[in-house]
Amino acid sequence: GKHTTRTVSLYKLCGGYVADTPGFSSVDLELSTERIYKDELPDCFPEFGNFTDSCKFSLSCSHVTDKGCAVLEAVESGQIAKERHESYVRMYNEVKNFKKWEE
C-alpha cells in the first residue's frame, strides 16, 4: 500500500542521515535567516581547509581568481572537485557584496 512505513529508519548518506518516518511525506524546517558573508564562506567548504592558509594573500584571497591561490591550484590538480569550486564561486558571487555594517 501507499503508507507501508511502520518504524523510523535512519540511512547514512553523504556525511549525513535521511530519516524514513511513518506518516510524513515531507519535512518542514524553520530555517534561520542568518547571512553568510564572503569571509565566512570558505569555512562552509571543508575540502578548502587544507589549502586556504597557503594562499599568497591568505587573509584577503577570494579563492575565485586570485593569483597564488592554493585553492585554485588544488582545483587544477584535482585535489578539490571542480564542481565543488564552481558551487563555491556561485555562492561567493551571491554574497560578495553583503556588508555586516549594513544590517
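This report describes the fold, the nonpolar core, selected contacts and a salt bridge of one predicted protein model.

## Basis of the description

The model is predicted, so that local features need pLDDT of at least 70 and side-chain atom pairs count only at pLDDT 80 or more, while totals for chains, interfaces and linings use all residues. Residues are numbered from 1 along each chain as its sequence is written, and side-chain values use heavy atoms, with hydrogens and water left out.

## Overall fold

The protein contains two helices and two strands, arranged along the sequence in the pattern β-β-α-α. These elements are DSSP runs numbered from the N terminus (helices: H or I, at least four residues; strands: E, at least two).

Of the 103 residues in the protein, 24% are buried; buried means under 20% relative accessible area, exposed over 50%, and partly exposed in between (1.4 Å probe, protein chains only). The accessible surface is about 8500 Å², and carbon and sulfur atoms account for 50% of that surface. Such areas come from the Shrake-Rupley method with a 1.4 Å probe; for residues, only the protein chains shown count as cover. Among contacts (heavy atoms within 4.5 Å) between residues at least 6 apart in sequence, 41% join residues at least 24 apart.

## The hairpin and its surface patch

Strand E1 (residues 9–13) and strand E2 (residues 16–20) run antiparallel and are joined by five bridges; strands pair if DSSP finds at least two bridges between them. Within this pair, leucine 10 stands opposite alanine 19 of E2. Two residues lie between the strands of the hairpin, and cysteine 14 takes a positive phi near 55 degrees.

Leucine 13 belongs to strand E1. Together with Tyr11 and Val18, Leu13 forms a nonpolar patch on the surface, with about 290 Å² of accessible area in total. Patches are made of residues with over 30% relative accessible area and no salt bridge; like charges are joined within 9 Å, and nonpolar side chains (Val, Leu, Ile, Met, Phe, Trp, Tyr) within 5 Å.

## The nonpolar core

The largest nonpolar core has 18 residues, of which Leu41, Phe48, Phe51, Cys69, Val71, Ile80 and Tyr88 touch the most other members. Helix H1 (70–76) and helix H2 (82–95) each supply at least two residues of this core, and H1 gives the most, with five. A core of this kind is a set of buried Ala, Val, Leu, Ile, Met, Phe, Trp, Tyr and Cys residues joined through side-chain atoms within 4.5 Å.

Leaving aside neighbours within four places in sequence, phenylalanine 48 is in contact with Pro42, Val71, Ile80, His85 and Tyr88.

## Leucine 72 and histidine 63

Leucine 72 lies in helix H1. Beyond residues up to four places away, leucine 72 touches His63, Val64, Thr65, Asp66 and His85.

Histidine 63 is placed in the loop between E2 and H1 and counts as buried because its relative accessibility is 3%. With the same exclusion of residues up to four places away, histidine 63 touches Pro42, Thr52, Cys55, Cys69, Val71, Leu72, His85 and Tyr88.

## The salt bridge

A salt bridge is a side-chain nitrogen of Lys or Arg within 4 Å of a carboxyl oxygen of Asp or Glu, and by this rule the count is one. The side chains of arginine 84 and glutamate 47 form a salt bridge at 2.5 Å, N to O. This pair links distant parts of the chain, 37 residues apart: arginine 84 is in helix H2, and glutamate 47 is in the loop between E2 and H1.

Arginine 84 is partly exposed, with a relative accessible area of 33%. Glutamate 47, at 25% relative accessibility, also counts as partly exposed.
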